[in-house]
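Notebook open, model loaded. I'm jotting down what I look up as I go.

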Amino acid sequence: MVRLIFLGPPGAGKGTQALVLAQAHSIPHISTGDILRAAVAQKTELGQKAQSYMDKGELVPDQLILDMVRERLGQSDAAQGWILDGFPRTVVQATFLDQLLQEINQSCDGVVNFEVPDEVLVARLLGRGRKDDNEDVIRHRLEVYHQQTAPLIDFYRDRQQLFALDGNQSVDQVREALEQIVQSHSLAT
Ligand code: AMP
């Protein structure tokens, strides 16, 4: 059983690593960004409400995200474990997650914080070429990260749930470092 939160700025490699680890443990990789992009593509009500925020690099309002996460964690595959990628992103979301996990009798095993310098992130994101990856929007997403999401580092560190991961390495090196964290702290039980 593995239940982990991947925390870190956009472009830190959370999605890439979440995919690998989730496959290795046969658990869902739950990316709120992926769910939102699918909703936008399908033009659902959620997608229509979320799109303008995403295009600008702003966070989608908490209430929309909270309903979405509640629904996703309630699906049967999530009973076997999960990796949350890109959620929580605000203290309100983290507090909601605490309550939700209590309600559904689950707990989180740890929070892995992907550390990558801003200049490296900008270069990586520019190379990725997603719709919200032009330079102005990238810089704005980093600002939003520092203002609204970075406070979660202390939030989880204070609860001794935080594990630092140097994300400024090759994909393989990050994968090995992540595996090391998971094994040495017995996060997969
Ligand atoms: P990501 O793929 O995680 O970089 O997310 C892409 C975009 O989706 C973000 O820039 C936000 O607009 C939105 N988004 C994803 N996850 C969240 C979240 N937990 N809270 C608010 N907005 C989110």
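Predicted model: local features only at pLDDT ≥ 70, side-chain atom pairs only at ≥ 80, totals over all residues.

Started at the ligand: one of its nitrogen atoms sits 2.9 Å from an N or O atom in the side chain of Gln-93. I count that as a polar contact, meaning a pair of N or O atoms within 3.5 Å. Thr-32 also has a side-chain N or O atom 2.8 Å from a ligand nitrogen, and a polar side-chain atom of Arg-89 is 3.0 Å from a ligand oxygen.

Numbering runs from 1 along each chain as its sequence is written, and side-chain values use heavy atoms, with hydrogens and water left out.

Next, the sheet. I found 5 strands in an open, parallel sheet, ordered β2-β3-β1-β4-β5; strands are DSSP E runs of at least two residues, numbered from the N terminus, and two of them pair if DSSP finds at least two bridges between them. β2 (29-31) and β5 (162-166) are at the edges with a single partner strand each, so one side of each has no neighbour in the sheet. I looked up β1 and β3 too: they pair over 5 bridges, and Ile-5 has Leu-84 in β3 as its bridge partner.

Last, Tyr-156. Leaving aside neighbours within four places in sequence, I see Tyr-156 in contact (heavy atoms within 4.5 Å) with residues including Ile-5, Pro-88, Leu-97 and Val-111.

Methods: Helix = DSSP H or I, 4+ residues; strand = E, 2+ residues; numbered from the N terminus. Polar contact = N/O pair within 3.5 Å; in protein donor to acceptor, adjacent residues only side chain to side chain.
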